[in-house]
Amino acid sequence: MRKYNSILIVLPVIFYLFITFSYSQDYPVRSGSIIFLEFKCNKCHSIKSQSIECSDTLFKSPSDLSSVGDSLNSEIFKDYLIKKIKLNNKKHPVAFKGKKEDLNILCNWLQNLSSVLY
Ligand code: HEC
(Lines give C-alpha, C1' and ligand atoms only; values in the text may rest on other atoms or scores of the structure.)
Protein backbone atom coordinates (compact mmCIF):
# COMPACT_ATOMS: atom_id res chain seq x y z
CA MET A 1 0.00 0.00 0.00
CA ARG A 2 2.83 2.42 0.82
CA LYS A 3 4.32 1.75 -2.59
CA TYR A 4 1.08 2.84 -4.27
CA ASN A 5 0.95 6.02 -2.22
CA SER A 6 4.26 7.27 -3.49
CA ILE A 7 3.32 6.47 -7.07
CA LEU A 8 0.11 8.45 -6.61
CA ILE A 9 2.14 11.48 -5.62
CA VAL A 10 4.98 11.14 -8.11
CA LEU A 11 2.84 10.57 -11.20
CA PRO A 12 0.87 13.84 -11.04
CA VAL A 13 4.10 15.74 -10.39
CA ILE A 14 5.74 14.25 -13.48
CA PHE A 15 2.58 14.90 -15.47
CA TYR A 16 2.49 18.52 -14.27
CA LEU A 17 6.18 19.09 -15.14
CA PHE A 18 5.68 17.51 -18.55
CA ILE A 19 2.69 19.75 -19.34
CA THR A 20 4.38 22.93 -18.12
CA PHE A 21 7.54 22.15 -20.02
CA SER A 22 5.85 21.30 -23.30
CA TYR A 23 3.58 24.34 -23.14
CA SER A 24 6.45 26.70 -22.40
CA GLN A 25 8.21 25.28 -25.45
CA ASP A 26 5.22 25.70 -27.72
CA TYR A 27 4.15 29.16 -26.67
CA PRO A 28 7.12 31.31 -25.78
CA VAL A 29 5.71 34.55 -24.41
CA ARG A 30 8.84 36.54 -25.03
CA SER A 31 8.29 39.98 -26.45
CA GLY A 32 10.91 42.53 -27.42
CA SER A 33 10.13 44.74 -24.45
CA ILE A 34 10.60 41.85 -22.00
CA ILE A 35 13.98 41.00 -23.54
CA PHE A 36 14.95 44.68 -23.54
CA LEU A 37 14.29 44.93 -19.81
CA GLU A 38 15.73 41.50 -19.05
CA PHE A 39 19.08 42.47 -20.58
CA LYS A 40 18.96 45.82 -18.79
CA CYS A 41 19.18 47.88 -21.96
CA ASN A 42 17.27 50.52 -20.00
CA LYS A 43 20.39 51.10 -17.92
CA CYS A 44 21.52 53.40 -20.74
CA HIS A 45 18.42 53.85 -22.90
CA SER A 46 14.87 55.00 -22.50
CA ILE A 47 11.99 54.32 -24.88
CA LYS A 48 9.49 57.00 -23.99
CA SER A 49 6.97 55.85 -26.62
CA GLN A 50 6.80 52.49 -24.80
CA SER A 51 6.81 54.06 -21.32
CA ILE A 52 10.27 52.64 -20.64
CA GLU A 53 12.38 55.00 -18.56
CA CYS A 54 16.12 54.85 -18.05
CA SER A 55 16.68 52.94 -14.80
CA ASP A 56 19.79 54.93 -13.94
CA THR A 57 18.28 58.24 -12.83
CA LEU A 58 21.73 59.81 -12.44
CA PHE A 59 22.64 59.04 -16.04
CA LYS A 60 22.43 62.43 -17.76
CA SER A 61 21.92 61.61 -21.41
CA PRO A 62 20.29 58.24 -21.99
CA SER A 63 19.65 57.84 -25.69
CA ASP A 64 15.96 57.39 -26.38
CA LEU A 65 15.10 54.65 -28.84
CA SER A 66 11.46 55.67 -29.43
CA SER A 67 11.95 56.14 -33.15
CA VAL A 68 15.09 54.11 -33.79
CA GLY A 69 13.27 52.07 -36.47
CA ASP A 70 12.88 55.15 -38.67
CA SER A 71 16.43 55.04 -39.94
CA LEU A 72 17.79 51.58 -39.08
CA ASN A 73 16.55 48.05 -39.59
CA SER A 74 16.61 44.72 -37.80
CA GLU A 75 19.67 43.33 -39.62
CA ILE A 76 21.70 46.41 -38.71
CA PHE A 77 20.63 46.21 -35.05
CA LYS A 78 21.67 42.56 -34.91
CA ASP A 79 25.15 43.18 -36.29
CA TYR A 80 25.55 46.32 -34.19
CA LEU A 81 24.49 44.65 -30.95
CA ILE A 82 26.94 41.78 -31.41
CA LYS A 83 29.63 44.38 -32.17
CA LYS A 84 30.15 43.24 -35.74
CA ILE A 85 29.55 46.69 -37.22
CA LYS A 86 29.93 50.30 -36.17
CA LEU A 87 27.31 53.06 -36.20
CA ASN A 88 28.51 56.65 -36.31
CA ASN A 89 32.04 55.27 -36.35
CA LYS A 90 31.62 53.52 -33.01
CA LYS A 91 30.83 50.02 -31.87
CA HIS A 92 28.02 49.55 -29.35
CA PRO A 93 29.51 49.72 -25.82
CA VAL A 94 28.15 46.32 -24.77
CA ALA A 95 27.73 43.10 -26.71
CA PHE A 96 24.45 41.18 -26.52
CA LYS A 97 25.03 38.01 -24.50
CA GLY A 98 21.69 36.24 -24.93
CA LYS A 99 20.35 33.63 -27.31
CA LYS A 100 20.07 34.17 -31.04
CA GLU A 101 16.25 33.84 -30.94
CA ASP A 102 16.08 36.57 -28.32
CA LEU A 103 18.28 38.85 -30.40
CA ASN A 104 15.98 38.28 -33.38
CA ILE A 105 12.83 39.13 -31.40
CA LEU A 106 14.52 42.15 -29.82
CA CYS A 107 15.77 43.55 -33.13
CA ASN A 108 12.48 43.02 -34.95
CA TRP A 109 10.79 44.87 -32.13
CA LEU A 110 13.34 47.72 -32.29
CA GLN A 111 12.72 48.00 -36.02
CA ASN A 112 9.03 48.61 -35.32
CA LEU A 113 9.79 51.51 -32.98
CA SER A 114 8.89 54.27 -35.36
CA SER A 115 7.55 57.78 -35.33
CA VAL A 116 5.47 56.87 -38.38
CA LEU A 117 2.13 55.40 -37.35
CA TYR A 118 0.03 53.35 -39.75
C1 HEC B 1 26.42 50.76 -21.05
C2 HEC B 1 25.36 51.50 -21.67
C3 HEC B 1 24.50 50.82 -22.72
C4 HEC B 1 23.78 49.66 -22.59
C5 HEC B 1 23.65 48.75 -21.38
C6 HEC B 1 23.09 49.48 -23.85
N7 HEC B 1 23.39 50.50 -24.71
FE8 HEC B 1 22.68 50.76 -26.58
N9 HEC B 1 23.86 52.39 -26.84
C10 HEC B 1 24.69 52.93 -25.89
C11 HEC B 1 25.44 54.02 -26.47
C12 HEC B 1 26.47 54.90 -25.75
C13 HEC B 1 25.03 54.12 -27.82
C14 HEC B 1 25.54 55.06 -28.91
C15 HEC B 1 25.08 56.45 -28.72
C16 HEC B 1 23.73 56.69 -29.21
O17 HEC B 1 23.38 56.30 -30.35
O18 HEC B 1 22.96 57.30 -28.46
C19 HEC B 1 24.03 53.10 -28.02
C20 HEC B 1 23.33 52.89 -29.19
C21 HEC B 1 22.31 51.97 -29.37
C22 HEC B 1 21.50 51.86 -30.56
C23 HEC B 1 21.60 52.72 -31.81
C24 HEC B 1 20.88 54.01 -31.60
C25 HEC B 1 21.02 54.94 -32.76
O26 HEC B 1 20.07 55.68 -33.00
O27 HEC B 1 22.05 54.94 -33.41
C28 HEC B 1 20.63 50.85 -30.34
C29 HEC B 1 19.56 50.31 -31.28
C30 HEC B 1 20.89 50.31 -29.01
N31 HEC B 1 21.91 51.02 -28.45
C32 HEC B 1 20.21 49.26 -28.45
C33 HEC B 1 20.55 48.69 -27.23
C34 HEC B 1 19.96 47.46 -26.72
C35 HEC B 1 18.89 46.65 -27.42
C36 HEC B 1 20.55 47.21 -25.53
C37 HEC B 1 20.34 46.01 -24.63
C38 HEC B 1 20.68 44.71 -25.20
C39 HEC B 1 21.49 48.29 -25.26
N40 HEC B 1 21.46 49.16 -26.32
C41 HEC B 1 22.24 48.40 -24.12
C42 HEC B 1 24.82 52.50 -24.57
C43 HEC B 1 24.26 51.35 -24.06
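Modeller: The shell around the ligand has 14 nonpolar residues, three polar and one charged. Nonpolar here covers Ala, Val, Leu, Ile, Met, Phe, Trp, Tyr, Cys and Pro; charged covers Asp, Glu, Lys and Arg; the others, Gly among them, are polar. This is a predicted model: local features need pLDDT of at least 70, side-chain atom pairs count only at pLDDT 80 or more, and totals for chains, interfaces and linings use all residues. Residues are numbered from 1 along each chain as its sequence is written.

Of the 18 residues around the ligand, Phe39, Cys41, Lys43, Cys44 and Ser63 come nearest. Helices α3 (74-81) and α4 (100-111) each give the shell at least two residues. Helices are DSSP runs (H or I, at least four residues), numbered from the N terminus.

Now the packing. The largest nonpolar core holds 13 residues, and Leu106 and Leu110 have the most contacts inside it. Such a core is a set of buried Ala, Val, Leu, Ile, Met, Phe, Trp, Tyr and Cys residues joined through C-beta atoms within 7 Å. Buried means 20 or more other C-beta atoms within 10 Å of the residue's own; exposed means 12 or fewer; C-beta atoms are placed from the backbone. α2 (32-38), α3 and α4 each supply at least two core residues. The largest share, five residues, comes from α4.

Asn88 has a positive phi of about 50°; for Asn89 the positive phi is about 70°. Most residues other than glycine have a negative phi. Asn88 is exposed, with 4 other C-beta atoms within 10 Å. Asn89 is exposed too, with 5 C-beta neighbours inside 10 Å.

Terms used. A residue is near a molecule or strand if its C-beta atom, placed from the backbone, lies within 6 Å of it.
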